[in-house]
Amino acid sequence: MTTVRDATFDVLRRHGLTTIFGNPGSTEVSLLTGLPDDLRFVLALHEGSVIGMATGWAIGNEAPALAVLHTTAGLGNAVGAIATARANRVPLVVLVGQQDRRHLALEPFLAGRLGGLAGDYPVWTDQPVRAQDVPGAVARACHEATTFRGPALVIVPMDDWDAPFSGETAAAPVRVVRPADVSDEELAPLVELLSAARSPAIVAGARAGWESLVALAERLGCPVFQESFGGRAGFPQDHPRYAGVLPADRGRLREALAEYDVVLAVGAPVFRQYPYAPGPLVEPGTSVAVVTDDPAEAHRSPAALAYLASPSAVCARLAALLPARTAVARRPDVPDIPPVPPGGRPLRAAHVLRELAARLPADTVLVEETPSSRPDLHRLVPARTPLGFLSAAMGGLGFAVPAAVGLRMALPGRPVLAVVGDGSALYGVHALWSAAHYRVGALFVVLANGRYAIMDHLADQRGGKAPWPPFTEVDMGALARSLGCPARRVDAYDELTAALDEVLPSLAAREEPLLLDVSVTVDPDFQP
């Protein structure tokens, strides 16, 4: 007899979902016990890490990843990470366990009110009416996650897996084709706008195709800014046209874009901000256009012209249609880095980031979660590949450590580095066990200042005293070692350079993780 479980496994195989990230609970035992040999289960010790690792895996493979969560507690623990995957537009198929269908009406122990628990963050949620509808729902979840670039949830009662499957036609196509062509006629208004521009500029977002956007920027001879708080680098940050990260408040944003009469946002919203400030986003006389494949992003952007289309396809065609311009010379920015103090201590985050930048292989996958040091990282560590900078676009903590584990699993030949604050690392520290157990050779550089430095800065800006204490007692190296992950303490400049000189040249070939617990002082100023 073919069961719903058997039929679902066939669906997973057809869509390449043969690695399962999970933290098992009783409502999933009937699914997970005795997995076929071609399906691999990867254990994480917390559901936030389950989704974080799956997110990294999906980014690395450029394909949906599969996660399994345990009823209310599991889905509840994972909601923040699901929100991050949605903001980063990462496709995930998430199976959520539920109590036995036969007595759900009585709300037994572990029964979950799961349909709305993750709010609006899933791109699609389904609770199949019959057990026999589960395989089709899983197939549809894969299509929904791919089309809408986010997590798709299927809630499955535990007894459904053993139910007989009749072989009925699943309510989902076997294959979905998504054409991305853009006609010249449809592009005519944008061609006209850019052709008439006196001084155009581009803002690159996480979904801008590098090759086509480079061709367009070189054709226009214009600067390219990175969107603020983006999930990944949208343009090579060592390119002569790269102009840095846009400021995250309206006053500085208007100043940065004041000299441009046309601003084209590609694969980015118009425009991400952090603290509220009054006034318009751009100066009067500046026209804004946006090209995005995200309908919500297109619909909410205050732009004169919005294209809902493949950014890569649009940019490639624009580069062919627009007349070439002479590039305006740009003065290269020279980062201002404080000198290393006598004796090599205390270190500042900028010292660590500068030494990393000097040694990182060009193809390094860098995952960032160090809020108070992010501006220094942007200035000092340019992304030279599309995965050269990754971050949690949602802003919540707990992304970087598990995401780095999933990325290294997906890209075993690439060097993978996570740069995290100690406050951030504590939210995803459970993933170090998975890194150690599965021999995931990522490097975790923890910038440890023993406090929530960004929160302290924000409290200072408000003119009040922060009620939260520092947590200088926390020993990140000891926590890592307790989870089976090797760790070293770094307190001084010579210790830092020695450790980086030893580790970074062979980072791509590492077969075990390593955490560097780097003691840094709090930077005196912060401006996102």
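Does His378 count as buried or exposed, and why? The views below take that up on a predicted model, where local features need pLDDT of at least 70, side-chain atom pairs count only at pLDDT 80 or more, and totals for chains, interfaces and linings use all residues. Numbering runs from 1 along each chain as its sequence is written, and side-chain values use heavy atoms, with hydrogens and water left out.

View A. His378 counts as buried because its relative accessibility is 17% (buried is under 20% relative accessible area, exposed over 50%, partly exposed in between, with a 1.4 Å probe and protein chains only). You'll find His378 in helix 12, residues 374-380 (helices are DSSP runs of H or I, at least four residues, numbered from the N terminus). Leaving out residues up to four places away in sequence, His378 touches Val245 and Phe389 (contact means heavy atoms within 4.5 Å).

**View C. Who lines the largest pocket.** Helix 9 (295-300) is one of the helices that each supply at least two residues of the lining of the largest pocket. By class, the lining has 27 nonpolar, nine polar and 14 charged residues.

Definitions and conventions:
Nonpolar A, V, L, I, M, F, W, Y, C, P; charged D, E, K, R; others polar.
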